[in-house]
Amino acid sequence: MARRAGVSASTVSYVLSGKRTISEATRRRVERAVSELGYHPNAGARALAGRRSHIIALVVPLRADVYVPIMMEIAISVTVSARQHGYDVLLITNDEGPEGVRRVAASGLADGVILMDVELEDERIPALRANSTPAALIGLPDDPRGLSCVDHDFAAAGALCTDHLADLGHREIAFIGYGSGVYDRHAGYAERTVKGFRERAEQRGLRYVHRPCEGTYESTAGVLSRILSDRPGTTGFVVQNEGAIGPLLGLLRASGRTVPEDASVIALCPEQLVEQYAPRLTAVTGPAQELGRVAVDQVLGNIAAAANGQEPDERLVLLSPVLTVSESTGPPPRQVVHR
């Protein structure tokens with residue numbers, strides 16, 4: 001490459017590293033040679049020279065109970081944002097748990113780690129802290145001290161759903177959530193949403209019930225049957241389970257309940273699902289791509305802090321939910337008797 005550009009090898013190194021000021025004409029000759037030869041810096045050599053791999057490890061969920069499209073949207077956002085800063089992304093599945101985080105940290109394979117699918121008492125976090133690994137979390141644990149975290153404000157999202165139904169006049173409402181396994185492992189996004197829903201329902205004086213659902217047609221049918229048996233006056237439904245939305249709308253129609261005249265349905269779901277159903281969904285959504293962008297900014301800031309011998313940035317970013325009112329919610333029917 002140096003011969004192609006007509007300069008010394010050290011000049012090529014200075015242009016690529018930016019460690020010295022090089023004249024504009026010389027820099028252009030080197031860049032032209034780089035382009036013509038299709039040169040890509042070797043990651044191993046860069047790591048030895050600068051003690052950085054320019055790789056971010058992204059720990060992604062590998063579970064049957066997660067909604068894969070939204071997880072992939074976040075992962076793609078992380079990858080695109082990282083590349084804009086000259087970093088590549090290494091995907092690590094979370095089936096390795098804390099051991100996977102320890103392995104990445106000890107190997108020096110990645111400069112920093114981004115965790116997804118964070119639980120309230122996440123076992124991977126002590127591994128990050130023990131190794132002083134620069135990190136960012138897409139999710140919020142119970143104890144976020146010393147951590148950089150970004151998440152949707154799920155508690156606010158749950159409260160927003162309750163307020164919408166209460167403002168319409170509904171007095172008995174039900175929350176159909178994810179499968180029981182999600183709550184058993186204390187997934188932050190699920191538990192915080194239910195908490196916000198319950199607290200606001202109590203503040204507004206509403207009767208409410210929360211039922212986990214596996215998201216299949218059969219499980220949704222069973223959950224709806226039990227809700228209507230226990231609380232026949234229920235007229236408002238909040239759904240935080242992408243798989244249950246379609247079955248719920250169909251089952252309500254089959255039971256003679258028209259949406260929204262007889263029953264209102266509000267979903268917590270990705271924006272792309274809102275228009276896939278009839279009637280069009282009233283929904284609370286959040287920008288998934290923004291999660292990835294913020295997480296990359298946070299982990300890069302912590303990588304720089306570690307290189308300078310500084311403490312990591314303790315910063316929590318909660319993205320505000322957005323309520324879009326559409327065709328699936330309305331006032332409750334007048335003939336409903338509340339007990």
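Guide: Strands β1 and β2 (residues 88-93) pair in the parallel sense, over 6 bridges. Keep in mind that this is a predicted model.

Visitor: Which residue in β2 is the bridge partner of V59?
Guide: I92 is the partner of V59 there.

Visitor: How does the chain cross from β1 to β2?
Guide: The path goes through helix α5, residues 68-84. This β-α-β crossover is right-handed.

Visitor: Which other strand do bridges join to β1?
Guide: Strand β3, residues 112-115, is joined to β1 by 4 bridges. The two run parallel. In β3, I114 is the bridge partner of L58.

Visitor: Which residues sit on each side of it?
Guide: I55, A57 and V59 are on one side. I56, L58 and V60 are on the other. Both faces are covered.

Visitor: Let's zoom out. How many helices and strands does the protein have?
Guide: There are 13 helices and 12 strands. The protein has 339 residues, and 48% of them are buried.

Visitor: What about contacts between residues at least 6 apart in sequence?
Guide: Of those contacts, 71% join residues at least 24 apart.

Visitor: And what pLDDT does the protein average?
Guide: The average is 88, and 88% of the residues score at least 70. Residues 42-50 are a stretch with pLDDT below 50. Beyond near neighbours in sequence, that stretch has 8 contacts in the model.

Visitor: New topic: D151. Where is it?
Guide: D151 is in strand β5, residues 148-152.

Visitor: Which side chain of opposite charge is nearest to D151?
Guide: That is R192, 5.4 Å away. D151 is buried yet has no salt bridge.

Visitor: What is D151 in contact with, then?
Guide: Leaving aside neighbours within four places in sequence, D151 is in contact with G139, L140, L291, V317, L318 and L319.

Visitor: Now Y217. Where is that one found?
Guide: Y217 is in helix α11, residues 217-230. Its relative accessibility is 46%, so Y217 counts as partly exposed.

Visitor: What does Y217 touch?
Guide: P247 and L251, not counting residues up to four places away in sequence. Y217 and P247 are 30 residues apart in sequence. In space they are 5.3 Å apart, C-alpha to C-alpha.

Visitor: On to the backbone. Where does a cis peptide bond join V259 to another residue?
Guide: That cis bond joins V259 and P260, with omega about 10°. P260 is in the loop between α12 (242-254) and β9 (264-268). A cis peptide bond also joins A278 and P279, with omega about 0°. P279 is in the loop between β9 and β10 (282-285).

Visitor: What is the phi of D117?
Guide: It is positive, about 55°, although D117 is not a glycine. D117 lies in the loop between β3 and α7 (124-130). D117 has a relative accessible area of 4%, so this residue is buried.

Visitor: And the phi of H186?
Guide: Positive too, about 60°, and H186 is not a glycine. H186 is in the loop between α9 (180-184) and α10 (188-203). With a relative accessible area of 40%, H186 is partly exposed.

Note on methods
Residues numbered from 1 in each chain as written. Predicted model: local features only at pLDDT ≥ 70, side-chain atom pairs only at ≥ 80, totals over all residues. Heavy atoms only, no water. pLDDT = per-residue confidence, 0-100. Contact = heavy atoms within 4.5 Å. Buried < 20%, exposed > 50% of the residue type's maximum accessible area, 1.4 Å probe, protein only. Pairing = 2+ DSSP bridges. Right-handed = clockwise from strand over helix to strand, strands pointing away. Lys, Arg positive; Asp, Glu negative; His and termini not counted. Salt bridge = Lys/Arg side-chain N within 4 Å of Asp/Glu carboxyl O.
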